[in-house]
Amino acid sequence: MVKKQGFLYLGAISLLMLSLLLGLRFGAVNIEIREIWQAAWQDGSKFQQIFYQIRLPRVLLGAIMGAGLAITGAVMQGIFQNPLVDSYTLGMSSGASLGAVLAIITGVSSLIPGISGLSFFAFLGALATLALVYALGNTKGKLASSTLLLAGIVVSYFIAALISVLMLLNKNKIDKIVFWNMGSLAAANWNKVLLAAIVILPCSLLLYYFWRELNMLSFGEEAAKNLGVNTTKAKAVLLVLSALIVGTVVAIGGTIGFVGLIAPHIVRYFAGVHNKKVLFLSAITGATVLVLADTLGRVLVKPAEIPAGVMTSVIAGPFFIYLLRKQKTN
Amino acid sequence: MKDVRIEKLEVNFGPRTVLQEVSLSIEKGRFVTIVGPNGCGKTTLLRSITAAVKKTGGAVYLHGTEVEQLAQRERAKSLAVVPQNTDVAYEFSCYDVVMMGRYAHIKRWQGEQIKDREMVEVAMMQTNVAYLRDRKFTEISGGERQRVILAQALAGEPTVVLLDEPVSNLDPQYQIEILDTMKRLSVEKKLTVIAVLHDLNLASMYSDEIIMLQAGKVVGIGTPEVVLTKENIERVFATEVLVSPSPVMNKPHIYAKSKGFFLDEKEKLHLICGGGSGTPYMHQLFHLGYQLSVCVLNEGDLDWQTLKEFGLPMLEEKPFAPISPESYQAHLKLLQAADAIIVCPSYFSPANLPNLTILLEPVLAEKKVYLLASETSADRDFAAGEVTRVYQILSQRPNCEQGLKLW
C-alpha cells in the first residue's frame with residue numbers, strides 16, 4: 001500500500017520534470033539537452049539568452065499556473081460535489097477576463113500599476129462571477145449539478161459577448177483585450193513568474209490543507225456539519241482562495257480552460273478519491289499538462305504558435321464530453 | 001445536569017407547524033426513542049438537537065449550553081449523529097471514513113495524533129468492523145456500512161449519540177447487532193442514546209424511555225409499558241393493534257391487525273367449530289373478505305376468543321353449560337342466512353352436539369356443506385357414535401364436499 005502510494009508521487013513528479021525538460025528542449029529553436037546544461041551553468045553559451053529570458057520563465061510560469069488551475073479544479077469539484085466543474089466551466093475564468101478588461105478600459109488598472117493590479121481586478125471579476133453563477137444555479141436552496149453547470153456556461157457566453165462588445169467599442173485597445181480570450185504563455189517573463197509564485201503557490205498550499213473538509217463534504221453538507229466542519233466558513237475560504245488563484249492566472253496568461261477539469265480526473269483514476277492525494281497530485285499533474293500543452297503548441301505549427309489555452313481546449317474538449325456521457329450512464 | 005434539555009421548542013417550515021410546545025429532558029446514559037407516524041416531526045426534533053433546523057421558538061440545551069451558541073466543532077465533540085442512509089459515491093477506505101469522526105479533535109496544522117488513531121481502532125472494535133479497515137466504503141454491505149458509520153460516530157468520543165432510523169434498511173440480524181451495541185454503550189459507558197425508530201417493537205425492546213409524537217406534539221413520554229399501550233398506539237397511528245408482553249423480553253409487543261385484504265364482501269360462511277378448531281379458518285376466511293358467522297360457543301373457548309378479537313357477532317353460553325333452546329333457534333337463523341356451512345374438525349360431547357346435529361334440520365337440506373377432515377370424525381366422537389352418524393348422512397348429500405380449497 002505505502003509502496004504503491006510512494007510510486008504514484010514519484011511517478012507524477014518525474015513526469016513533471018520530464019515535461020519541464022521537454023519544454024526547455026523544444027520550441028522555435030531546438031536546444032539539445034547538453035546545450036541546456038551548458039546554457040544553465042556556463043557563461044557565454046550561445047543559448048544562454050534564450051534559456052534564461054524565454055524558455056525557463058515560460059516553463060516555470062506554465063507549471064505554476066497549471067498547478068494552480070488544477071488544484072482549484074479539484075477543490076471546486078469537491079465543494080460542489082460535481083465532477084464536471086472547474087474554474088473554466090463555472091465561468092470564473094471568463095469573469096476574471098472581464099474584470100481585467102474592464103480595468104484596462106476604464107483606466108482603473110493604472111491605480112495599481114503593473115500586472116499585480118490587473119490580477120487584483122481579475123480576482124474581483126472571478127469572485128463576482130462565481131457569486132452570480134452560484135446564485136443562478138441555486139434553486140430553492142438546492143444546488144443541482146446540471147443547473148450549476150448550465151449557469152456557468154450561460155454566464156461564460158454572456159461575458160464573452162460582453163467582452164466582444166467592449167472590443168468593438170474600444171478599437172484602440174483591441175490588441176490588449178484580445179489576449180484575454182486566448183490564454184497564452186508567450187509573454188512569459190520573470191516578473192510574471194514572480195507574481196504567480198507569490199500568489200498561486202501559498203494559496204495552493206492553503207487549499208491543500210483543507211483536504212479533510214473536502215473529504216467530509218463528499219458525505220453531504222449536513223453530515224460534514226455534524227462531524228464538526230464549519231461548512232459555510234470552509235467554503236468561503238476555499239472559494240476566495242480559488243478566485244485569487246484564477247484571477248492571477250487569467251491576469252498573467254489569459255483564459256486557459258479545462259486544465260482544472262482533467263487533471264483531478266487523471267489523478268483520481270490512478271490514486272483514488274482521498275483529497276489529500278487528489279489535491280497534491282492534481283497540482284503536479286496540472287503543471288505537467290499545461291507545460292506539455294504549451295510545448296506542443298510551440299512545436300506543431302512552427303514557426304507560428306498555437307496558444308496554450310487553445311491547445312488545452314483541443315485536448316480536453318473530447319475528454320469533457322467523455323466525462324459527461326459517463327456521468328449520464330451512471 | 002441533564003444531557004439534553006428541550007424547552008417549549010417550536011419549529012415552522014414556512015406556514016406549516018412541524019413541532020410545537022415540545023419540552024423534554026434526557027438524562028445521561030439513557031436510551032431514549034422517539035416514535036410516531038410518518039411526518040409527525042421525529043426527524044425534525046432530532047435535527048433541532050444538532051441545530052440543523054431553524055427553530056421559531058423555545059430552546060435546546062446540550063450539557064446546559066444552547067446548541068445554537070456552540071461552535072460546529074465544539075458541538076461535534078460531544079454530539080454524534082448516525083443518519084438513516086449514507087449514500088456516498090466516493091471510494092474512501094473504511095478507516096478513512098471512521099477517522100473523519102475525529103475531525104473535531106484534529107488540529108489542521110498538526111494532523112492526526114496517536115490518540116486519534118487509537119480512538120479509531122477502539123471504535124472499530126466496538127462496532128465490530130476492524131476487519132473492514134482497508135476495504136472501500138462503497139463496496140461493503142448496507143449493514144457493514146451502517147456499522148462503519150456508527151464507528152465514525154463513536155470515534156469522536158461523544159457523550160450523546162443521535163440515531164435517525166439507523167436500522168430501517170437493514171436485515172434483522174444487523175438491526176439487532178447495532179441496537180445491542182448502542183444499548184451496551186449506554187449501560188457501560190453512560191452514553192446517552194437518542195434514536196428515531198420506525199419499528200415500535202424494537203423501540204419497546206431497547207428503550208429506557210419513549211417519546212411519542214403526533215402532529216408535532218409530544219403525546220406520551222415514559223417507559224415502554226406506559227407509552228406503548230393499545231390505546232395510545234391506536235389513537236396516534238390510527239390502526240388497530242394487539243399489545244401483549246413479548247415472550248422475548250417481557251416488554252410490550254405490538255401486533256398490527258389487518259383490516260382484511262379485500263374490499264368487496266364475499267359470500268356468508270358459517271363455521272361449526274369449538275376448542276380452537278375454527279380459529280385458523282376464521283383468520284384466513286376473514287382476511288379473504290368472507291362474512292363469517294359461528295355456531296354456539298362457551299365463554300373462554302379458544303374459538304370464542306378469536307371471534308371476540310374480530311368483533312364478530314356471537315352466540316355464547318356460560319363455560320361448560322349446554323346449548324339452550326334459545327341459542328339453538330338463534331343458531332338456526334344464522335345457518336339459514338349463510339351461503340355455505342363449514343364443519344371444522346372439532347371435538348363433540350353431548351354438551352355441544354346440537355351444534356352438529358342442527359345440520360340435519362330439514363330447512364338446511366339444500367345448503368352447501370364442506371366437511372373438513374371427516375375421516376377422523378370417529379376419533380373426535382365423545383357422543384356415543386352420534387358424530388360419525390351425522391358425518392355419514394351429510395357426506396351422502398350431493399351438495400356436500402370433503403375439504404375446502406381456500407385460495
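User: Before we get to the interface, what counts as a contact here?
Analyst: Two residues are in contact if their C-beta atoms, placed from the backbone, lie within 7 Å. Bear in mind that this is a predicted model.

User: What is its radius of gyration, and what would a compact globule have?
Analyst: Chain A has 20 Å, in agreement with the value near 20 Å for a compact globule of 330 residues. Along the principal axes, the C-alpha atoms of chain A fill a box of roughly 65 × 60 × 35 Å.

User: What percentage of chain A counts as buried?
Analyst: Of its 330 residues, 50% count as buried. As for contacts within chain A between residues at least 6 apart in sequence, 76% join residues at least 24 apart.

User: Let me pick one residue. Where is A:Ala67?
Analyst: A:Ala67 is in helix α3 of chain A, which covers residues 48-79.

User: Buried or exposed?
Analyst: A:Ala67 is buried, because 29 other C-beta atoms lie within 10 Å, and 20 or more is the cut-off.

User: Which residues is A:Ala67 in contact with, leaving aside its neighbours within four places in sequence?
Analyst: A:Ala67 is in contact with A:Ser204, A:Ala283, A:Gly286 and A:Ala287.

User: How far apart are A:Ala67 and A:Val250, in sequence and in space?
Analyst: They are 183 residues apart in sequence, and the C-alpha to C-alpha distance is 14 Å.

User: Switching to chain B. What is the span of helix α6?
Analyst: Helix α6 of chain B, residues 172-188, has 17 residues and reaches 24 Å from its first C-alpha to its last. That is close to the 24 Å expected at 1.5 Å a residue.

User: Which of the residues in α6(B) are buried?
Analyst: B:Ile178, B:Leu179, B:Met182, B:Leu185 and B:Ser186. Seen down the axis of α6(B), the buried residues fall within an arc of 120°, so they line one face of the helix.

User: What do they pack against?
Analyst: The buried residues of α6(B) pack against β3 (31-35), α5, β7 (160-164), β8 (192-196) and α7 (200-206) of chain B.

User: Which exposed residues are on the face turned away?
Analyst: That face of α6(B) carries B:Pro172, B:Gln173, B:Asp180, B:Arg184, B:Val187 and B:Glu188.

User: What follows the helix?
Analyst: α6(B) is followed by B:Lys190, which has a positive phi near 60°.

User: OK. Where is B:Asn128, and what is its phi?
Analyst: B:Asn128 is in the loop between α4 (114-126) and α5 (142-155) of chain B. Its phi is positive, about 65°, although the residue is not a glycine. With 15 C-beta neighbours inside 10 Å, B:Asn128 counts as partly exposed.

User: And B:Ala215? Where does it lie?
Analyst: B:Ala215 lies in the loop between β9 (209-214) and β10 (217-222) of chain B. Its phi is positive too, near 45°. B:Ala215 is partly exposed, with 15 other C-beta atoms within 10 Å.

User: Now strands. How are β11 and β12 of chain B joined?
Analyst: 5 bridges join β11 (residues 241-245) to β12 (residues 252-256), and the two strands run antiparallel. B:Ser244 stands opposite B:His253 in β12(B). The two strands form a hairpin with 6 residues between them, and B:Asn250 in the turn has a positive phi of about 60°.

User: What is the strand order in the open sheet of 4 strands?
Analyst: The order is β2-β1-β4-β5 of chain B, with antiparallel pairing. The edge strands are β2 (16-26) and β5 (65-66), each pairing on one side only.

User: Over how many bridges do β1 and β4 pair?
Analyst: Strands β1 (residues 4-13) and β4 (residues 57-62) of chain B pair over 5 bridges, in the antiparallel sense. B:Ile6 stands opposite B:Val60 in β4(B).

Key:
Residues numbered from 1 in each chain as written. Chains lettered and ligands numbered in written order. Predicted model: local features only at pLDDT ≥ 70, side-chain atom pairs only at ≥ 80, totals over all residues. Buried ≥ 20, exposed ≤ 12 C-beta atoms within 10 Å, placed from the backbone. Expected span 1.5 Å × (residues − 1). Arc of directions from axis to C-beta. Pairing = 2+ DSSP bridges. Rg over C-alpha atoms; globule rule 2.2 N^0.38 Å.
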